[in-house]
Amino acid sequence: MKVGIDLIHFATSDYFLGMDTFAQEKGIDVNKYYVGIGQEKMSIAPPDEDIVSLAAKAVEPILQAIDRNEITAVLFATETGIDQSKSAGVFLHKLLNLPSRCRMIELKHACYAGAAGLQMATAMVKANTKEKILVIAADIAKYDQNSSGEATQGCGAVGMLITENPRILEIEAGSGYFTDDVMDFWRPNHRNTALVDGKYSTKVYLNSLKQTWDHFTEQTGRVFDDIDYFCYHIPFTKMAEKAHQTLMRKVGSKLEKAHADAKTLPSQIYNRIVGNSYSASLFVGFISLLDNVKDQLDNKRVSFFSYGSGCVAEFFTGVIQPGYEKVLMTESHQQQIDEREELDYQTYVQFYYQTDYAQPNLTLEHFNKGAFRFSGIEDDKRQYSKQA
Ligand code: CAA
C-alpha cells in the first residue's frame, strides 16, 4: 500500500528583511551572509501574523482542492506555540471551517516535530485508509537582537495532505533516528526568543546526521547512490551544504561537485530567501526541490534529514510519484515570495518588539495583507479574522 504526501503547499509572511540592509546596519561585510551562511533575505512576520494565520494561509489552497469535510485529523508541528494548553490546530479548525469529526493535536520538538507528524500520519493512514490527515509545520524563527542567531531568522508554514495513493510522494518504510539530551538551542517558557549555542549546535546537527545515516542504512539496506535528491533541515543554507559534504565524506563518495550540487541545491532556493522556519524548513526545502529542479522527477528517490535541537533527528526517504507536477502549487509559492514587501531596518525592529503578547488585551495595527489574520487579544483570548 502506498501512503504519503498527496498535496503540499507553503506560506510565508508578506515582509522580508534583506541581508544587505542587515549587514549595513551591523557594520558587517554582506558576504558573511551571502557566502558564509548562505542567506540573502529573511521573511519577517508582522505583529498581526502568527503560526495560526501562517498555517491557515498554507493549508487553505489544499482544502480548496479537496472536500474539507474528509479531513480526519490535523497534526500541527511547531516550536513557536501560542498557548501552553490549547493546541494551535483548534484555532485553525474554526478559521478553516474544518469538520467537528476531526482530531487536533500539537506536536513539539524544536525543528523535528514536522517530520514526526509526517511519520505518524503515514502510520495512521496505513492502519486505516479512510484517514485523510493534514500535517502542518509552522514557525516564526526569532532570536535575540545582536545575537549570533539574529541573521538566521525567518518564518513559514507548510501544509501536507497525507493519504493512501498519494499524488506527490510515497513515504518509504524504514528510517534512522537518534536522540541525545543536549543544550544547543532551547526556549524556556518565560522567553519569546530561542537561546542558542550556535557553533555547538552545528556540531550536534552534523553528528546527528551521521548517527541517523548509520541507523537508516541498517534499517533499510539502502546506500548513498540509491538516493537521487537530498533534502536537509535548513536553519541557513550553508548548513545543508556542510551536511551534504559530511555525508559524502562518511560514505567515501567521489561524486564531482557539480553532480553533488545538482542533488542538493534545488532544495535550497526558497530557504535562501525565506530564512529559517524551524519545523517547516525541511519541507520548504522539499517544495523548493519540486518547484525548481529542471529534470523530470518521476520515480526519483528523495531523502529527508530532520534535525530538532535538543536533540532529536531522523533520516528517511520517499519516492516521487509519476504525474506529480500536475498537482504542484508552484505559482502560489513564487507569487508569495515575489510579492513580499522589503522592510527598512527601523520597521524590522518595530515589528520585532511589537510581538510581545504578554498582556490580556491587545489591539494590533493592520500589517498582515493575507486572508487570515491574528487580530489581537481580548480577555486573554486570541482573536483571528478571515477576510471574506
Ligand atoms: N565572506 C565570506 N564568508 C565569511 C565572511 C565574509 N566576509 N565572514 C565570515 N564568513 C564565514 C565564516 O568563515 C564562517 O564560515 P564557516 O562556518 O565555513 O567557518 C561563516 O561565514 C559564519 O561565520 P561565523 O562562524 O563567524 O558566524 P557567527 O558566529 O556569527 O554565526 C552561527 C554562525 C553560529 C551558525 C549563527 O548563525 C547561529 O548561531 N545560528 C543559529 C543556530 C543555528 O542555526 N544552528 C544550526 C544547527 S541547529 C539547527 O539546525 C536547529 C535550528 O533550526 C536552529
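The shell around the ligand contains 12 nonpolar, 11 polar and three charged residues. Here Ala, Val, Leu, Ile, Met, Phe, Trp, Tyr, Cys and Pro count as nonpolar, Asp, Glu, Lys and Arg as charged, and the others, Gly among them, as polar. The model is predicted: local features need pLDDT of at least 70, side-chain atom pairs count only at pLDDT 80 or more, and totals for chains, interfaces and linings use all residues. Residues are numbered from 1 along each chain as its sequence is written.

Of the 26 residues around the ligand, Asn-31, Lys-32, Gly-36, Gly-198 and Pro-235 come nearest; a residue is near a molecule or strand if its C-beta atom, placed from the backbone, lies within 6 Å of it. Helix 2 (31-37) and helix 6 (198-220) each give the shell at least two residues. Helices (H or I, at least four residues) and strands (E, at least two) are DSSP runs, numbered from the N terminus.

Now to the sheets. Strands of a sheet pair through backbone hydrogen bonds, either parallel or antiparallel. Two strands pair if DSSP finds at least two bridges between them. Strand 2 (residues 15-18) is joined to strand 15 in the parallel sense by two bridges, and Tyr-15 stands opposite Glu-341 in strand 15.

Another open sheet of three strands has the order 16-17-18 and antiparallel pairing. Strand 17 (residues 372-378) and strand 18 run antiparallel, joined by six bridges. Ile-377 stands opposite Arg-382 in strand 18.
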